[in-house]
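Here is a short tour of a two-chain structure, meant to be read with the model open beside you.

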Amino acid sequence: MTTHRTLGLLRVVVGGIFLVRSTPLIHLVPGLFVHHGGPLLGWPRDGRVEAAVFGLVLPALVVKALVVVRTVAALAFTIGLHARVAGIVTVVAAYLVYAQEPFALIFTLHVLYQTTLLLACGDAVGALSVRPSPPRSLASSLWLLRGFSASIYLWSGVAKLRGEWLSGRTLTLLVQHGYADSAVARALLGTPQRAAASAWLVALVELALPGLLFAGRTRHLAIAAACAMHAVFEVTMHPDVFGWVMVALLGAWFADDPDGLAHLPTGNVQRAPSAKAKHPEPPSSRQSLITRTNSQRPSTHTPLR
Amino acid sequence: MPALSFLDGSGGLAYTMFSAVEETRVELVADVAGRRLPVAPTWAASQIPGSAGLFLAGAERFRVGPVTREWRRQLDPLARRVCAMGPYDAVEVTLFVRTVGAVGEGTRYVGRARCRP
């Protein structure tokens, strides 16, 4: 699939996850964290604690308005109607609403909102859109998403480099206190030895994934390993939509280096025949990437060598 | 952003997920006409919708859960909300945080609110 279509598809998938997570659609999917109170995530109820992250307490009426704006904007983002603006509005509104629930801050929503913002700011607003926007830099949009997904694995792996985690005690406690309560969880984490082995395995896989993803030869292996890890998380810890978002982000690694320029619907994007003519041999993938990125800005086009 | 979030020691934006757990307990005390009366967190939870209610439910005793530092910064607003639950002059909310399995009350974080001017 071309980079252009891959990015568009990612926008649709992540927008869909956003809508499921923040609207009554959540009731159609078993195992997700159902909202408190109203049908829309973050809808304020009477008697709530008036607290917020950084003290950004907003009146209930404003929060309700933001929830509505967030939902409408998320729908527009998903279908590609002024998707860039819609995505940014979605995330700003979502974070303001999110800040009103300081007792329920979870990484799942943080990752979902950040992913939405990155997609909105990049060239994911072009393909599969009701109103496509012309691409500006497919390469940087794609690598931004790739870098983001890799960095999540890296940071998560670094956070696990603690004696408490590596001894398996943290996982054992999570099982004992109901955070991982399935038969699979008991099978994988039921004894201290198994918990320790699982803890090491998770930390090692998370730390290895960025390198394996960036190295072209091991990319498919890394994607398979990451998907397997998220599948195990799903059946053991049920981490809300976190696994869905991460697997969606892994989709960015399936796209080849930006090669879809020939299929773009816009007329202002040029291919780079001149660069090709200067290089009788096929350019390497990195050269190809640079050539095509530069080709979008003819005025700044420079020879590769 | 992830690196910066370690400046306060929390790593709150560094995708730490479930990598660390701790034990937490909550104590609510209300001043009524010069007397200090305990308020049961679970009863208070029944009066508060949303995530703050979940935070308080069953918090009389130590519970194990992922490390969440944001709670420590929200004790004053929580105390203000408890003010509305009775004829209290003032409310004090204490969050006890300790390493799992540790003996003693651990580290205390206190939030206060005056219920009457």
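Where the chains meet, 35 residues of chain B and 35 residues of chain A take part in the contact. Please keep in mind that this is a predicted model.

**The interface**

The size of an interface is often given as the accessible area lost when the parts come together. Between chain B and chain A, about 3000 Å² is buried, and carbon and sulfur atoms give 71% of that area. On the chain B side, B:Tyr15, B:Met17 and B:Phe18 lose the most area to chain A, together 23% of what that side buries.

Helix 2 (51-56), strand 3 (63-66) and helix 3 (75-83) of chain B are the elements that give two or more residues to the side touching chain A. By type, the residues on this side of chain B divide into 22 nonpolar, 10 polar and three charged.

**Chain A**

Chain A has 13 helices and zero strands. Of its 305 residues, 50% are buried. Among contacts between residues at least 6 apart in sequence, 71% join residues at least 24 apart. Chain A exposes about 14100 Å², with carbon and sulfur atoms supplying 67% of it.

**Salt bridges**

Side chains of opposite charge can pair when their charged atoms come close. Over all chains, the count comes to 12 salt bridges. Three of them are set out here:

| Pair | Closest N to O distance |
|---|---|
| A:Asp240 and A:Arg21 | 2.5 Å |
| B:Arg72 and B:Glu22 | 3.3 Å |

In chain A, A:Asp240 and A:Arg21 form a salt bridge. A:Asp240 sits in the loop between helix 10 (219-236) and helix 11 (242-250), and A:Arg21 in helix 1 (residues 3-22), so the pair ties together parts that are 219 residues apart in sequence. Both A:Asp240 and A:Arg21 are buried.

In chain B, B:Arg72 pairs with B:Glu22. B:Arg72 lies in the loop between strand 3 and helix 3 and B:Glu22 in strand 1 (residues 21-32), so this bridge ties together parts 50 residues apart in sequence. B:Arg72 is buried at 18% relative accessible area, and B:Glu22 is buried at 7%.

B:Arg25 is buried, at 10% relative accessible area, whereas B:Glu105 is partly exposed, at 33%.

Finally, B:Asp31, B:Arg36, B:Glu92 and B:Arg112 are linked in a network of salt bridges.

How values were computed: Residues numbered from 1 in each chain as written. Chains lettered and ligands numbered in written order. Predicted model: local features only at pLDDT ≥ 70, side-chain atom pairs only at ≥ 80, totals over all residues. Heavy atoms only, no water. Contact = heavy atoms within 4.5 Å. Buried area = accessible area lost by both parts, 1.4 Å probe. Helix = DSSP H or I, 4+ residues; strand = E, 2+ residues; numbered from the N terminus. Nonpolar A, V, L, I, M, F, W, Y, C, P; charged D, E, K, R; others polar. Buried < 20%, exposed > 50% of the residue type's maximum accessible area, 1.4 Å probe, protein only. Areas by Shrake-Rupley, 256 points an atom, 1.4 Å probe, with all protein chains shown as cover. Salt bridge = Lys/Arg side-chain N within 4 Å of Asp/Glu carboxyl O.
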